[in-house]
2 protein chains.
Amino acid sequence: MSLRGLPPSEIFERAIGGERRALGRLITLVERDASEAEEIAELAHVKAGNAHVIGITGPPGSGKSTLTGQIVKLLGELGKRAAVLAVDPSSPLTGGAILGDRVRMEDVASPETFIRSMATRGHQGGLSLAVPGVVRLLDAAGYDPVLIETVGVGQVEVDIAGTADTTVVVATPGMGDAVQANKAGLLELADLFVVNKADRPGANDVRRDLDLMLDLSHVSGQDQRTGMRPEIIMTTALSGEGAPETWSAIERHRDAIAENGQLDQRRANRDLDEVRNRLLADVERRIDRMLAGESVGGVSDVLDRVTRRSLAPATAARELALKVSEI
Amino acid sequence: MSLRGLPPSEIFERAIGGERRALGRLITLVERDASEAEEIAELAHVKAGNAHVIGITGPPGSGKSTLTGQIVKLLGELGKRAAVLAVDPSSPLTGGAILGDRVRMEDVASPETFIRSMATRGHQGGLSLAVPGVVRLLDAAGYDPVLIETVGVGQVEVDIAGTADTTVVVATPGMGDAVQANKAGLLELADLFVVNKADRPGANDVRRDLDLMLDLSHVSGQDQRTGMRPEIIMTTALSGEGAPETWSAIERHRDAIAENGQLDQRRANRDLDEVRNRLLADVERRIDRMLAGESVGGVSDVLDRVTRRSLAPATAARELALKVSEI
């Protein structure tokens, strides 16, 4: 029984009826921004809005995949139908996603779990457009919670984790300078910190550092976002220690934001951000066509003056901005 | 003698006449995107185009600041009037730039050297708009070469280094996973690799890894950009060893791209990228005003339908895209 040739509405019915292959097909169509993508998004948007969306991020080597695996295992034992979206950095040399983590996660997950890897490159319109569409589908198909695992290196990956209902930031002892540089951004995002590899020397130092930073950021108003101070949980993901405590803390966060109205606010913001990102991507495409001289006259003349040094880029941009309404 | 109250053209004349305070004032105006910024950019653009712009990037802790300092010291000894633009990550807690490197660099640089730090946050329109304007001013004021030092973590910082005439990527033994993740992006950018801390164990392994990656990327066509294979130079920046060899390799790269036409092409692309970035920033501001309901009617109704789940974000974006021409 091939899914090809079926109308999107029919594939969608099968997906929400539990047919995993149908769901996989819809995700592929949404990822590719295929012509059916908008119809699928409409169907899913109406149906979605129930899943608890959890972002799990941290630097490479922090063990966040292992921790995600342990949480997924626990969710299986609790009888929950969870989905995992693993956003992997892709190599520009091969274009493929690194699937190592995925395989390991499938070993521990219950058969009910839906696991999907997404490469970070090669999406029409970029990752920040592709991920919300996939999360919406998983949500509409009844998966709850939906876990998004991203590597906390690039701004895009960090942003994606930050759009979740609950964002978990995984730290470890000995992460070094890379995280120092990123710490600030991650600190602002975190609803919950996990200090993984808690059996290693230095784990308590990491905890103390995070505590200190939270004290400082309280002054600059960070806690006002939720009115809550992020908890810090110690884990040893390899043995599974701390995974139940992590899950409890995630649930506490969700309950708290559901009660104070933050949950609805975050979801509305997520949808509005998607509208904004799609609009920007659309205009960016139009500007590129304009700059390539494909849609509006007089553009190449302005650009020539820039490269001949008779017109500064800022002035050229102001002149061309008047033409944007024509594109 | 205060510079305030003087017209930009007068401050500009003083700056190209060698008055450092005047140049500093112009940079501040450009950084802030002040009302005088466009006039200053016009004056500078006509005058600029002579400086060799060198980007130096690498992960935190790779010693690129120390290496930059050693190169600057050498340039002083060679009688060159160099400028350094150090793009530092800024703390969201303090908003200030980390000036440690700058102080150290001033110890070794000749008094002719112009050194400026730029925080990575707080620029009107973002760093990718602020940096080209400052480089243009340093160029117009007769500094040559202009070195831009950025931390190779964020995409923006990496992009900035990548717009230089010659981009130097600094690697070290034991950089760990963070660089693994970034390696791909940095590899594409590099016109020249420096393996710093060459006295440490593992330095030759780094060299071999880079060599191997260059072999692989040759297949995927990376070398076609310049027709050149990036050199790999071993340095111990702390003692200054390898700095003269690094400078020679930088000059070889410049001579080669000047000869094959790449240099003019890169400079034209840099200016055209700035036009594009400024146009995008302008449209982004207009879209945000539209989404805030400030410029076009009917927008809040569309957004309400999204948050009430009767309209998917993709459909909303398509409807609103029709209004972009009105903004």
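Two residues are in contact if their C-beta atoms, placed from the backbone, lie within 7 Å of each other. Keep that in mind for the views below, which all come from a predicted model in which local features need pLDDT of at least 70, side-chain atom pairs count only at pLDDT 80 or more, and totals for chains, interfaces and linings use all residues. Residues are numbered from 1 along each chain as its sequence is written, while chains are lettered from A and ligands numbered from 1 in the order in which they are written.

**View 1. Chain A as a whole.**
In chain A, among contacts with a separation of 6 or more, 73% are between residues 24 or more positions apart. The chain holds 13 helices and 7 strands; these are DSSP runs, numbered from the N terminus, with helices being H or I of at least four residues and strands E of at least two. Of the 327 residues in chain A, 46% are buried. Here a residue is buried if 20 or more other C-beta atoms lie within 10 Å of its own, exposed if 12 or fewer, and partly exposed in between, with C-beta atoms placed from the backbone.

Welcome to α10(A), which runs over residues 243–260 and has 18 residues. From first C-alpha to last it reaches 26 Å, close to the 26 Å expected at 1.5 Å a residue; the expected span is 1.5 Å times one less than the number of residues. Which residues of α10(A) are buried? They are Ala243(A), Thr246(A), Ala249(A), Ile250(A), His253(A) and Ile257(A). Seen down the helix axis, these buried residues of α10(A) fall within an arc of 120°, so they line one face; the arc is that of the directions from the helix axis to the C-beta atoms. An α-helix has 3.6 residues a turn, so residues three or four places apart point the same way. The buried residues of α10(A) pack against β1 (53–58), α4 (64–77), β5 (166–171), β6 (192–195), β7 (231–234) and α11 (262–291) of chain A. After α10(A) comes Gly261(A), with a positive phi near 90°.

**View 2. Helix α4 of chain A, mostly covered.**
Helix α4(A) is one of the elements that the buried residues of α10(A) pack against. In α4(A), 10 of the 14 residues are buried, including Lys64(A), Thr66(A), Gln70(A) and Leu75(A). Just after α4(A), look for Gly79(A), which has a positive phi of about 75°.

Arg116(A) sits in strand β3 (residues 114–119) of chain A. Is Arg116(A) buried or partly exposed? It has 18 C-beta neighbours inside 10 Å, so Arg116(A) counts as partly exposed. Leaving out residues up to four places away in sequence, Arg116(A) touches Ile27(A) and Leu85(A). Arg278(B), in helix α11 (residues 262–291) of chain B, counts as buried because it has 23 C-beta neighbours inside 10 Å. With residues up to four places away again left out, Arg278(B) touches Pro313(A), Ala314(A), Ala317(A) and Leu129(B).

**View 3. Helices α12 and α13 of chain B side by side.**
Two packed helices are described by the angle between their axes and the distance between the axes. The axes of α12(B) (residues 299–307) and α13(B) (residues 313–321) come within 9 Å and cross at roughly 170°. That makes the two helices, α12(B) and α13(B), roughly antiparallel. Val299(B), Val302(B), Leu303(B) and Val306(B) of α12(B) meet Pro313(B), Ala316(B), Glu319(B) and Leu320(B) of α13(B). Axes are lines fitted to C-alpha atoms, for helices over the stretch in contact, with angles running from 0 to 180 degrees between N-to-C directions. Angles under 35 degrees count as roughly parallel, over 145 as roughly antiparallel, 65 to 115 as roughly perpendicular and the rest as oblique.

**View 4. Backbone details in the loops.**
Asp144(A) and Pro145(A) are joined by a cis peptide bond, with omega about 5°. Pro145(A) belongs to the loop between α6 (127–140) and β4 (146–151) of chain A. Lys197(B), in the loop between β6 (192–195) and α9 (203–219) of chain B, has a positive phi of about 60° although it is not a glycine.
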